[in-house]
Structure formats: structure tokens, C-alpha cells
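Please consider the following note on the aromatic side chains of this structure.

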Amino acid sequence: MTLADAQPQALNFECETGNYHTFCPISCVAWLYQKIEDSFFLVIGTKTCGYFLQNAMGVMIFAEPRYAMAELEEGDISAQLNDYNELKRLCEQIKRDRNPSVIVFIGTCTTEIIKMDLEGLAPKLESEIGIPIVVARANGLDYAFTQGEDTVLAAMAQRCPTQAPTAEADKEERNAIQKLMNFGRKQEDVKREESEYVDHPPLVMFGSVPDPIVTQLSLELKHQGIKVSGWLPAKRYTELPVIEEGYYVSGVNPFLSRTATTLMRRRKTKLIGSPFPIGPDGTRAWVEKICSVFNIEPKGLEEREAKIWQSVEDYLQLIRGKSVFFMGDNLLEISLARFLIRCGMTCHEIGIPYMDKRYQAAELDFLVKTCQEMGVPVPTIVEKPDNYNQLQRIHELKPDLVITGMAHANPLEARGISTKWSVEFTFAQIHGFGNTRDILELVTRPLRRNGALKDLGWEKLVEEARV
Amino acid sequence: MKLAYWMYAGPAHIGTLRIASSFKNVHAIMHAPLGDDYFNVMRSMLERERDYTPVTTSVVDRHVLARGSQEKVVDNITRKDAEEHPDLIVLTPTCTSSILQEDLQNFVERAQLEAKGDVMLADVNHYRVNELQAADRTLQQIVQFYIAKARKQGNLVTEKTEKPSVNIFGMTTLGFHNNHDATELKRLMSDLGIEVNAIVPAGASVHELKSLPRAWFNLVPYRETGLMAAEYLQQEFNMPYVDITPMGIVETARCIRKIQQVLNAQGANVDYESFIDQQTRFVSQAAWFSRSIDCQNLTGKKAVVFGDNTHAAALTKILSREMGIHVLLAGTYCKYDEAWFREQVSEYCDDVLVSDDNGQIADAIARLEPAAIFGTQMERHVGKRLDIPCGVIAAPIHIQNFPVGYKPFVGYEGSNQIVDLIYNSFTLGMEDHLLEIFGGHDTKEVITKSVSADSDLNWSKDGLAELNRIPGFVRGKVKRNTEKFARDRNITQITAEVLYAAKEAVGA
């Protein structure tokens, strides 16, 4: 091997105008209120925010959601009304009607512009109404789409208990009684349970994923003898994990850089920087990295990954050699591109709203490595893309698949370019070994549709001049 | 501050964008933060639009907050002008720009110096008007802009067409069945021997606007959009307008008679009576339906109506006057135009409700227990919860309210469609009721479909919990696959781990 070959091909980063389509970060309430079952999300904003949630979240609004708008009126903007009194009135109403364990205030563009001091108001309100109030500024001035979850989790990270002495003592007590009752039989069980795990410092995962994913990823680590002591967020606000200084933390999603920073700086934890468990390659790299931190020799991963690849061969045949273009709107792009390149696709451009090169460092290295191993060129990463320019490039490159927001999907399809709606990746279960097929199901859907409709002769449904 | 879960009418900028993107070759630039361009998603999704929605954002971010937009808005306008050569760029303020109070008019003037197309600022205040009012205002503003421009350039066309002609106002993108209504109105006008001079804004070019005064009159089928433009043209050119919504047999006749009067006042000498009679009795099925025994069965049945002014008023009149249905309550969310609505429906219903609080309407429906509801998608969901059928008659609407098939609400074909909608809502309700009384279609006990009825396998607590998280429609399949997997491997206790191992093994 020559020296030149060993030189990794460097990633090419570009930054455009930021004129792109994405969802407002307040959309995170739609999945977080479902994840955190005893929460209530109050979005403090205008009709514009409300109309977005109502339309983008579709039918969910009818299920009596645990979220609402505190709709600002002209009197609020011009400070004729007192913010504190207004919020107190609404919080009391929420407490009366729903009695949640936590109220999350979502700050919006408007509260930023009028400089409403939510962080200052919250502690006072909290002590007055007796419900914790968490403030997250998930606004469109600063963040894109999934970053909304990042702001909420960063705020929640501060609320995780430092230690749970009372609960611990409680358990001891109960154990003592149990010991008496069971004549020590139970203790054997407990011991056996504990012995399934290697002795390692506590590990807390962060990132909101559906409960089945929590189970699957926890089991994955359990196979290696690693115990997940808690998950941020948990199913209930009252079950937020204990985080003590020196704990290890690991993120499961690429858009959680603020949460990671908060956990490291404010909670003094150690971050395990790894690729994200998306795709079998990502999942394996993620497990391996965690194992390496705890000095564990991972077992059975290679066979496991190979088996998964084998089981999706029918889908891989559909996409091998095809090209994909990410317009960029949800920050999952790097991981998904890395997975699809491993599947045998080529990728020219990865658009992404925001690129945290430190938090995603391991994922970026993995992307370069994957490109080398698959013998394909390294894609260009376009931060803050410009959708207009991207459309010019798409019409020039004619990729086999464009992963894009709904604003561009139908117009591209009408011009004969296959698309996959990017938001589906946010809501589908895409983590872990077991969900590989689910990602490929999404990615291959337009291609399978093309197969079903081929020979009909109506791929292009606009006149040439309008392209 | 107001605690709100749902809203009937959207924010002001949506109205402006609906008008701008209805025109051909008009581009809207929103002065808004990232993520406020979900209008493009709505249009692309609901209307299944093939073309890129001509709306972009001049993004307001931290830098703009700190230093003002400076060159950014002007640059974005001139860039779009060069890229797509639109005839007009409408700079659209949002709630954010309302508070920032930047001098957007100044940006427009500066951009106009460089841009080849026209540039204007939509004059709407987020905190004062809603979507519908903003749409009405923006349409009037654009019409006025091009009339003034033509006047200045001396190419305004004011002489009337030879034959009677009409401008139809208020057809917009994302409007409830607007595209079908436009087709139906064109057909009606052609049946009446009236030329259509322009349909505004849907599909119109701004260049057509200078010829608006050629028409003999303006037709404004919807109460919410177009009235301001029609009033403006009346003031400027003394053009009469007809604002009777031709929805339902009686109102369609009233609209046509009004058109007749307007045309005859200008010397047309037309008589539409025989046309109305022919259509009413023999072409449209609605009048005959009202005499048929089906409709007799609906007599005195109770209904609640809620929607925008146009559709709620029209439906109330149709139900009460044309079908003998007892309208317990008619309501609108167009609070700003309350007086008109009350005047329209008062004699056709027991009670009037004017509110934009969906809880209040839901409570009224629960209290009144009508046999059918005619409302928006929100009322449809209320109906689902209360087991009352609902016909959707107004926005806010979902994708299923943008049918591909021909479904107008106005004119004679529209009255046929409305008959179907009403009749289907009531019969479904009755059928349901009868089924309940007689205990379902098939009163025999349903035999269990499970393959492994009594299983020798044990589901552990966590396994069962995990199984229950799997969506209901595939749970049976997952259960069977897992049990098969366990049996093949002599596993007797099924845990969550076994469940996922099985899932991986079958690759599903």
C-alpha cells in the first residue's frame, strides 16, 4: 500500500445561504409529549406557531394532546398585560384540567424578540403553583426541526436528580423484608441478574426514542454485559435518571449536541463519542465504541451485522449502485448517508441544517471510512443549504433518489425525480440492528413504486419548459 | 394570552400567500424565521401541486435580530427577480416582522429600483386580521396596484365588452373546493350567455388586471374573499357586483335573477326565468329530491351547522328551506363579520353561535345531540367521538377534502353534490342506529381467529408488555411469528428479548 492510498480523502464542507425548508423546532412537542407521559407542553407564541403545529402534526391534534398554545395577543406584545400574571393564569388552568408532573414552556421567536424572561419567570411560578416548569427556547431564529428536542433535553438534563438516596434506602428496606420472607431465595435471583453485567461505571443514554427502541438498544448492550442505568428522557418526568459526576453518557441521535454539552459541562459526565446506532453498521460501531470505553471485548457483533445484511439482501439489490441526494432538514443526514453508502449507494451531496463537527466527529470519520471501503467518492456536506441552488444541482445530476421535505417532494416527482419524504425518518423506528429493514422499507418505497408503474410512460408530468 | 388547542382561521400571512400563489407568475417572499414556510408543505400536500410553490423566505435569524435585515430582504427580492422573472413579488410580513417593525416599505422601494418585475408590500397586520381578512385585503391591494399602474401608463382598458361579461372574484389556492366551483361557475356563465372576462386570482396573470373594467359586472361567490376588490372596482369604475352565493337551488336562482337585473340595467335585455325553471325542475336533481320520499324521511331531523360565513349560511338555508331539516344551531368562526351571518341565518335556525373556540362548539353539539353535523374537520372529529355523522362543508380541511373528482358546491351541479353529502350523512346515522337496536349485522358470536388458541408457551411480563406496544393491526401476526420462533427453538418462556430475536429472524 502506498502512502497516498493511506491518506484518507478529506470531507468537503460547504456553507450556503440558509434558505432552505425545514420544520420549526417547536414541532418537537409532538413526539416529546407522547414520550413523556406525565408532561404538558405549553408553546408560548403566536397564531403562526399554532397553525404550524395544527397542520404539520395532522390528526394528532384531535387526540386531546397534552400540549397547547399560550397565544400571545397584542396586549402581550406591547406589555400592556403582565407576562407573569398571564402565564400564572394559564398554568393554573392546566394544573386544574390535566394535573401534569411537569409543564414545559417552549419559547418561540416572539418570546425571543420581545425578550420575555421565561427562565426568570419559571422558578417563581414553579414555587407558586407547585409543578416543575422546564424552559426550552426552541425557536426558528436559532434552530431547525429536531434541534427542538435538543433544547428540551438540555433543559431536562439540569433537572435529573444527582442521587436518589431516599429511593435507595427504601429499596434496601424492602429487600430486607423480602430476604426474611424468601429466606434468601430472592437474593440469589438478584445476584444472578447483577452478574449478567460487567462491573462498569454507570452509563446513561440520551435521546428520545420510542419505548420499543429503548428496550432493543438496552438489550443490545446487555448482550455485552453493559447496563444502561437510565435514559434521558424517561417515560415519565418523575423517572428522570440519576446523573452523578463521573457517569458516562452516550447519545443515540445526531442532533443532540446541546444536550451532550450540558451533560458534560454542567453535570460533569463523560461523553462516549461514537457513530449513532442507525443501520447495522452504525449499531455495531456504537456498541463497539461503548465496549471499548469499558474495556470489554465485544462478542458476536460481526456475525450479527452480517446476518442482518443478509436478511435485507432483497432490498439492497434495489438500491445498489443508485445515487441519493440529501436536501437536508433534520440532522439525521450524515448517519443515513453513511448507512446508504454502506448499502451500496453513491451520494453526491449531504445537505444538513447544522453540523457539529465535534459531537458528530466519530460519525464523520465513520462516513469517510465507509466511503473508502465501498470505493465511492466522499460526499460534499452542505451546511445551511440553499434549496434553490440545490434544485439546480438536482436537475443537473438527476439522482435516483432525493430525500427531501414535503415542500419539494411533489414538484420533483412531477419532474420525474423520485423522492422520499425526510420527516418519515424522524418518526419511523430506525435505530438498532432490528430496524434495518424499516429504514430500507422507506428508502426503497419510491423505487419499488417505480418498478410497479414502469412502462406506463408518464414519469414526467409537467411541460418541459416548466422544469 | 389565550390558551388555545386549535384554530379555525390561520394567521394573516397565510391569506396573503394564498392570494399571491394563486396568481400565475407571482412570487411571495416572507419576512420570517426558519420554519415559517410550512405554507409550501400545505399547498404541496393538500393541493397535490405539481409546481414548486412560489413562496420563499427572507430568513430572520439572530443576526437580523441584532442588526436588522439591512440588505438581506432587498437582496432576496432582487435575487428572486433575476432567477424566476416573476411579474410581481409580494413581500409578506409575518408575526415576527410585525414586532420587529422594520421599514419593509423602504426595502420594497429600494428593491424596485433594481427589479425588473413589480414589487409590493402586503399591507396586513398579523395582530389585527386573520387569514381570510388578509386574503381579501391582499387581493384588493393587488387589483388596485395594477389598476393604478395601468392608469399611469395609459393602457387601462375601460370600454365594455360587446356581449355581457363578468369577472369572478375570490377563487384561491387552498380554498374549499374552489377549483371545482370555478369550473361550475364558468359553465353557468356560458349557459347564461355571459363571457368570463377574468377569474381572479386563481390562474390569472397580473397583466389581465388592467382589463378588469371591461366586464359588465363582478361576481363574488364567497363572502370571505373578493368583496373588497369588488367594492373598490365599484367605487373606481361604477362597476356593479353580485355577492349572492349561488349555493343551493333557491340561492342559485336568486343569484341569477340578480345578474339578470344588473345586466338589464346596462341594456342587455336578458330573461333567465325559463333557464332557472328548466334547470331547477329537470336538470338539477336537488328540487326533485326535496319532493321524493327519501327526503320526506328527513323532515324534522335535527342538525347543527358550523363553518365559515359562506358555507355555514348556505348550508343552513339549504337544510331548512330546501329539505325541511330542523337546524338547531348555525354557527360561524368569522367573528369579524358576525352581523352579516346573523342576518342571513336567523330565520332558518333556532340559535346562532359565533365563536372561534372549538370547545364551545363541541359542547354545544354534545348538548344538542343532533342527528347530523355539517362542519369543518374539527366538527367531524367531535362527531366521531359522539357517534354523530358529519359532512364537511368548510375549511379547515384535510387532504380528503381536495378530491380529484368533480365536486363543486356552487351552481346546479353543486346542489346535486350537496344533496348527496346531506343524504349520506343522515342515512349513515340511521343505519348505525338501527344496527345498534338490533345488535349488529350478525348476532352470532364471533369465533376466535387466533391460530394458537391455547398455547403451551409462556409469555413473560416484559414480553407481554412489549407485545402490547406493537400496533394492534400487526400484533396478531407478530405474536404468531414469535411463538413459532420460540417453538422451533424449544424456548418455553417468551421474553422481550425473544420477541425481538424473532422479529430479526423473520426480517420484519
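1. In this predicted model, B:Tyr38 has a relative accessibility of 3% and therefore counts as buried. The cut-off behind this reading is that a residue under 20% relative accessible area is buried. A:Phe52, at 1% relative accessibility, counts as buried as well.

2. Over all chains, a search of the whole structure finds 19 aromatic pairs. One of them is formed by A:Phe52 and B:Tyr38: the ring centres are 5.3 Å apart and the planes stand at 50°, so this pair is classed as tilted. Because A:Phe52 belongs to helix H3 (residues 47-56) of chain A and B:Tyr38 to helix H2 (residues 38-46) of chain B, the pair joins two chains.

3. A further pair consists of A:Trp309 and A:Phe339, whose ring centres are 5.9 Å apart with planes at 20°, so it is stacked. A:Trp309 lies in helix H14 (residues 301-311) of chain A and A:Phe339 in helix H16 (residues 333-342) of chain A; the pair therefore ties together parts that are 30 residues apart in sequence. Both A:Trp309 and A:Phe339 are buried.

4. Which residues do ring pairs link into a cluster? The members are A:Phe23, A:Trp31, A:Tyr51, A:Phe52, A:Phe145, A:Phe427 and B:Tyr38.

5. The charged end of A:Arg437 sits over the ring of A:Tyr315, 4.5 Å from its centre. The ring of A:Tyr84 has the charged end of A:Lys124 over it, 5.0 Å from the ring centre.

Definitions and conventions: Residues numbered from 1 in each chain as written. Chains lettered and ligands numbered in written order. Predicted model: local features only at pLDDT ≥ 70, side-chain atom pairs only at ≥ 80, totals over all residues. Heavy atoms only, no water. Phe/Tyr/Trp six-rings, centres within 6.5 Å; stacked < 30°, edge-to-face > 60°. Helix = DSSP H or I, 4+ residues; strand = E, 2+ residues; numbered from the N terminus. Buried < 20%, exposed > 50% of the residue type's maximum accessible area, 1.4 Å probe, protein only. Lys NZ or Arg CZ within 6 Å of the ring centre and 35° of its normal.
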